Amino acid sequence: MTFPILSIIVFTPLVAGMLILLFPAERKTEVRVTALAAATFALFLSGWVYVQYLINNLTGYQFQEYVDWLPALGIGYHVGVDGMSTPLVLLTGVVMFTGVLISWGIEDRPREFFAFLFILAGGVFGVFVSLDLFQLFFFYEIAVFPMYLLIAIWGWVKTREYAAMKLTLYLFVGSVVSLVGALAMYWTSGMHTFDMLQLERAGFTPEFQRIWFLPVFLGFAVLGGIWPFHNWSPDGHVAAPTAVSMFHAGVLMKLGAFAALRVGIMLLPEGAKYWSWLIMAFAAIAVVYGAFIAFVQTDFKYMVGFSSVSHMGLVMLGFSTLNSQGLLGSGVQMFSHGVMTALFFAVVGMIYDRAHTREIPELGGMAKVMPFAAIGFIIGGLVSMGMPGFSGFVAEFPIFMGVWHVQPWVAIVASISIVITAAYIMRNIRDVFFRPMPEHLEGHIHDVNVLDKIAIVLLCLLMVGLGMIPSLMVPMVQSGVDNILRLLGGA
Amino acid sequence: MTAYNSTMILAILPEILLLVLGVLVLLFDVVWKGEKRRALGWLTAGGTALISIVTLLIGRPGEPQSVFGGMLRFDWLGFAFKQIFLLGAIATALFMMDIEKLSRRGQAYALLLTATLGMSLMASAADLVMLYLAIETTSIPLYVLAGFLLDDDRSAEAGFKYLLFGAMTSAVLLYGFSLLYGFTGTTSLTSFVGSLPLALGLVFLIVVGLGFKISAVPFHFWAPDTYEGSPTPVAGFLSTASKAAGFAVLLRLFLTAFPQFVEQWAAVLAVLATVTMTVGNLLALAQKNIKRLLAYSSIAHAGYILIGVVAASKLGVASVIFYLIAYLLTNLAAFGIAAAFGRAAGSDEIASYAGLSRRSPGLAFAMLVAFLSLAGMPPFGGFIAKVLVFTAAVETGWVWLAVVGVVNSIIGLYYYLTVLKVVYLYRMEGENEEQYPIPLTRPYALALTTLSIAILVIGVLFAPWFDSASLAALNLF
């Protein structure tokens with residue numbers, strides 16, 4: 001029996017969340033310290049898994065653990081990570097850690113806030129390490145429902161009730177549609193198991209795959225923000241409190257994309273080939289449309305929200321190529337965008353907390369008083385534009401290469417988004433950070449505190465580090481991609 | 001008629017012990033005076049728990065066999081259901097302890113125990129006469145309990161309405177039984193041999209009778225009014241144990257008496273399930289009163305459980321039993337919370353739950369657990385229960401029914417979340433919730449904590465429960 005490190009990663013936030021709930025409500029400091037300790041521990045462990053995977057040049061599913069869960073139905077608790085999921089586990093650790101730092105100042109029921117946030121984080125970890133289809137759903141739903149409470153209770157007063165309900169219903173509909181598909185797979189395979197490593201070899205008929213691929217893939221892709229089911233996402237991002245937006249855009253959307261990949265493409269490869277043109281069309285529309293909508297937003301947070309739709313469109317675009325470059329790019333993009341958007345939302349939250357407005361025309365001159373936040377946002381912006389030297393380039397370049405191989409004109413159309421993204425990011429940097437500060441804000445804005453700085457630095461380091469030394473991640477993701485290509489080729 | 005032997009005693013061990021306990025309660029009701037009578041609740045709950053433990057230890061069935069001249073079956077199916085009823089009775093007795101005008105009345109506890117006794121017999125009855133007697137033994141105490149608060153008009157109305165509906169459907173059921181006897185020539189439950197139209201006619205009559213017990217649409221009209229008016233713990237008992245008893249009979253009757261017509265009655269029940277789920281959920285959307293909301297939600301849940309019956313497979317029956325266990329824990333918790341809140345706040349309106357998470361974080365969290373479990377969210381019992389019935393449906397080819405169930409669970413999620421929103425998000429007028437705490441007496445704290453933990457445990461470690469349910473299901477095939 002090896003050390004069950006993945007289980008410990010999954011259960012650390014869940015147990016910590018439960019423990020926090022047992023504290024008396026007025027012990028706010030103790031709650032925060034416990035939360036930080038648990039987040040640090042989870043970050044350390046997920047970093048350790050990542051480093052082990054990297055320095056040992058591992059391939060395939062590692063750190064596996066298996067325990068029978070409901071043997072009568074072939075349900076097992078089976079965890080393990082491969083080159084695709086290891087970066088996402090690290091990403092979750094990072095966002096959880098920085099999310100706790102950024103939310104230090106929450107005064108309204110911090111006990112419940114951190115408890116729900118941690119239950120959410122535990123669910124997310126659980127999905128990324130799941131190798132059992134049932135278990136994946138189990139954790140997927142655990143990751144979805146705390147969102148409702150987090151947004152509805154601590155969110156932006158004006159839209160929180162509407163946005164929270166919309167988001168929850170969208171995601172729940174998506175997941176149950178996928179669930180029916182999963183049950184169909186379970187019975188059709190005749191193998192009496194939910195284990196995905198075995199279902200990969202089930203040999204579903206092409207007809208079956210074509211019928212069930214779309215419900216399964218799209219059901220999960222709803223959470224990945226795929227057009228035309230992206231509608232919940234900007235509303236949700238905007239209404240959510242800062243740490244939840246970070247989690248939501250940074251990690252949860254990857255959850256949808258990842259599950260769509262793992263269950264949709266990897267278990268139903270023939271269906272994926274058949275429908276890849278449709279996924280590509282949806283994704284290309286999302287990329288361009290998201291960028292244009294982001295361009296015309298005057299609300300800072302909505303702008304970031306729609307930019308997420310655009311960037312997640314790139315992930316889906318990479319998936320739809322079903323070739324090596326495209327999938328590699330998507331794998332890296334999931335990590336890169338997660339870090340970047342977490343940083344964006346963190347900075348937006350910091351500015352809103354001080355200026356009490358997110359309207360870009362009413363902001364200005366933030367660079368002088370909050371230089372850290374400004375530098376962070378600029379680095380994030382460069383990542384977002386796909387500048388060489390930053391992680392965004394490492395991710396987006398292969399995606400466009402992969403698309404070019406399949407459909408050159410889609411690559412051309414989608415690349416419009418790069419220009420638009422550059423335009424709105426630079427305009428916002430100018431407006432929010434560098435033009436003179438409006439008079440009514442003068443004197444009311446103070447710099448971010450040290451915890452916020454730690455969070456910003458950590459996130460920036462990851463983006464620059466990955467951009468400068470792509471070999472920190474690319475070979476790992478490549479090993480995961482090779483496995484997917486094997487399934488696609490073998491079917 | 002053979003002589004009495006130990007197996008026969010074991011077969012009705014829970015019933016014997018329940019009777020003894022009921023007599024004891026009535027005895028102490030006379031002996032104890034005033035405040036001391038509150039201990040009757042502890043006596044009932046503790047005694048029932050003891051009965052449950054004793055039967056688990058020494059009363060387990062072996063190979064299924066008929067006892068008392070074929071009146072009863074002594075098998076795992078009946079055993080599993082009896083444990084479910086006992087659990088329901090324990091929690092209900094605890095919840096009754098602090099309801100004014102109920103808690104210090106020995107008769108209330110005795111009636112509860114009698115109803116439980118009747119349910120136990122329902123679960124193991126293998127003879128039409130026995131079955132009918134068992135159903136009436138269950139129903140009559142429940143009519144009285146529903147209308148127990150005599151000076152409360154709504155409670156009286158609840159009891160009366162329940163009685164009228166119950167009597168009518170019971171008559172239809174009896175008519176069905178008499179026809180079944182007429183065609184088979186025996187009162188014992190055996191496979192019905194006859195033409196299809198005849199079988200369908202009988203199925204229809206029986207569905208009317210049992211549809212009332214499980215509150216399936218269109219036999220559900222009594223449920224919201226009765227739940228709203230009756231004392232809250234009694235409503236909880238009606239919606240869980242009483243419903244489970246209905247399903248116990250439904251399973252045994254249909255799978256024993258009409259196995260060769262399974263396709264036809266499954267189709268009838270599939271329609272019934274669809275209508276029940278949909279109507280229950282849609283009407284729940286508009287409710288302003290928590291007990292009425294839970295009533296419609298319990299109607300919807302009857303629909304989900306029917307999906308498992310429709311599957312009519314081993315997995316289907318096992319999923320029904322599992323669902324009933326999870327549902328019993330969850331819904332008892334929900335009604336317990338409503339009772340605890342209602343007696344402190346004096347209102348059952350959903351709007352009055354505003355600020356609950358500040359007035360009593362513990363109660364609010366218990367409510368979160370119960371409602372998310374009702375909505376079918378992991379890691380709570382309701383999730384795996386729903387997955388199991390849907391799995392059973394897909395296995396036997398009822399994909400469309402599973403899809404209907406899935407769509408309905410989305411509607412369900414909406415109104416459960418709406419209530420949680422009030423609990424966690426809205427505030428009381430004046431925003432001074434801390435000044436209005438909700439005190440939890442010991443029975444409530446004990447029962448709600450146990451139920452919440454049980455909901456979580458059954459939702460995470462579901463294998464042992466499912467294996468027991470599968471073992472019970474085997475007895476029907």
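User: What should I know before we start?

Analyst: The model is predicted, so local features need pLDDT of at least 70 and side-chain atom pairs count only at pLDDT 80 or more, while totals for chains, interfaces and linings use all residues. Residues are numbered from 1 along each chain as its sequence is written, with chains lettered from A and ligands numbered from 1 in the order in which they are written.

User: Why is strand β2 of chain A called largely enclosed?

Analyst: Buried means that 20 or more other C-beta atoms, placed from the backbone, lie within 10 Å of a residue's own. Six of the seven residues in β2(A), 75-81, pass, so the rest of the structure largely encloses that strand.

User: How do you know that β1(A) and β2(A) pair?

Analyst: Pairing takes at least two bridges found by DSSP. These antiparallel strands have six, one of them linking A:Tyr66 with A:His78.

User: What counts as contact between chains A and B?

Analyst: Two residues touch if their C-beta atoms, placed from the backbone, lie within 7 Å. On that test, 27 residues of chain B meet 25 of chain A.

How values were computed:
Buried ≥ 20, exposed ≤ 12 C-beta atoms within 10 Å, placed from the backbone. Helix = DSSP H or I, 4+ residues; strand = E, 2+ residues; numbered from the N terminus.
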